[in-house]
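Here are a few notes to read beside the structure. Please keep the 3D view open as you go.

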Amino acid sequence: MTIDSDLVPATLRWAVRLLRAEAVALGLVAAWLIWSDLTAHSTDLTSALLVTAFAVAGAATLWALSGALLRRRSGARAPAIVLELMLLPIGWYMIQGGLGWLGLPLMALGLGVSGLLVSSPTNRALGFD
């Protein structure tokens with residue numbers, strides 16, 4: 001039995017899976033925003049389009065970063081960590097607004113994926129020895 005040195009470690013695989021799940025979730029939010037923009041009776045069109053574009057760009061960015069990490073592109077790790085850490089203030093304000101059931105898991109997700117991205121096996125796979 002030989003060991004494949006190109007095998008992606010479990011920590012990196014899980015980080016990629018979670019990033020892709022976030023991209024899909026944000027893509028669903030973007031789809032809902034597009035539907036909402038098209039069916040609204042009155043709206044500030046500029047604001048509606050900017051929020052929708054932000055959601056679409058966020059989903060595309062998360063998906064692209066996850067693909068780059070899967071291909072072991074070390075430059076994708078820092079932006080992915082930044083996006084994950086952005087879940088902390090989002091989750092905090094959700095908790096403050098009475099949505100603790102959603103805010104706490106979002107904060108845990110951000111910290112968890114960040115932890116996976118800085119773990120030793122991931123560091124070795126991305127060439128950060």
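1. Start with the crossing of two helices. Helix 4 passes helix 5 in a left-handed crossing. Keep in mind that this is a predicted model.

2. Next, look at the geometry of this pair. Helix 4 and helix 5 pack at an angle of about 165°. Their axes lie 7 Å apart. Angles over 145 degrees count as roughly antiparallel, and helix 4 and helix 5 are therefore roughly antiparallel to each other.

3. Now the residues of that contact. Helix 4 brings Leu87, Leu88, Ile90, Gly91, Trp92, Met94 and Ile95. Helix 5 answers with Gly100, Leu102, Gly103, Leu104, Leu106, Met107, Leu109, Gly110 and Leu111. Sorted by class, the contact of helix 4 with helix 5 has twelve nonpolar, four polar and no charged residues.

4. Turn to the other pair. Helix 3 (residues 77-85) and helix 4 (residues 87-96) pack at an angle of about 10°. Their axes are 4 Å apart. Angles under 35 degrees count as roughly parallel, so helix 3 and helix 4 are roughly parallel to each other.

5. Which residues meet here? Leu83, Glu84 and Leu85 of helix 3 touch Leu87, Leu88 and Pro89 of helix 4. Five residues of this contact are nonpolar, none is polar and one is charged.

6. Finally, the largest pocket. Its volume is about 640 Å³. Its lining has 20 residues, with Leu26, Phe54, Leu62, Leu87 and Ile90 nearest the centre. Helix 1, helix 2, helix 3, helix 4 and helix 5 each supply at least two lining residues. Helix 2 gives the largest share, six residues. By class, the lining has 16 nonpolar, two polar and two charged residues.

Terms used. Residues numbered from 1 in each chain as written. Predicted model: local features only at pLDDT ≥ 70, side-chain atom pairs only at ≥ 80, totals over all residues. Heavy atoms only, no water. Axes fitted to C-alpha atoms, helices over the stretch in contact; angles between N-to-C directions. Parallel < 35°, antiparallel > 145°, perpendicular 65-115°, else oblique. Contact = heavy atoms within 4.5 Å. Nonpolar A, V, L, I, M, F, W, Y, C, P; charged D, E, K, R; others polar. 1 Å grid on protein atoms, 1.4 Å probe; cavity = no way out; pocket = protein on both sides within 12 Å on 5 of 7 lines; lining within 4 Å. Points joined across faces, edges and corners; volume = space filled by probe spheres on them. Left-handed = near helix turned anticlockwise from the far one by under 90°.
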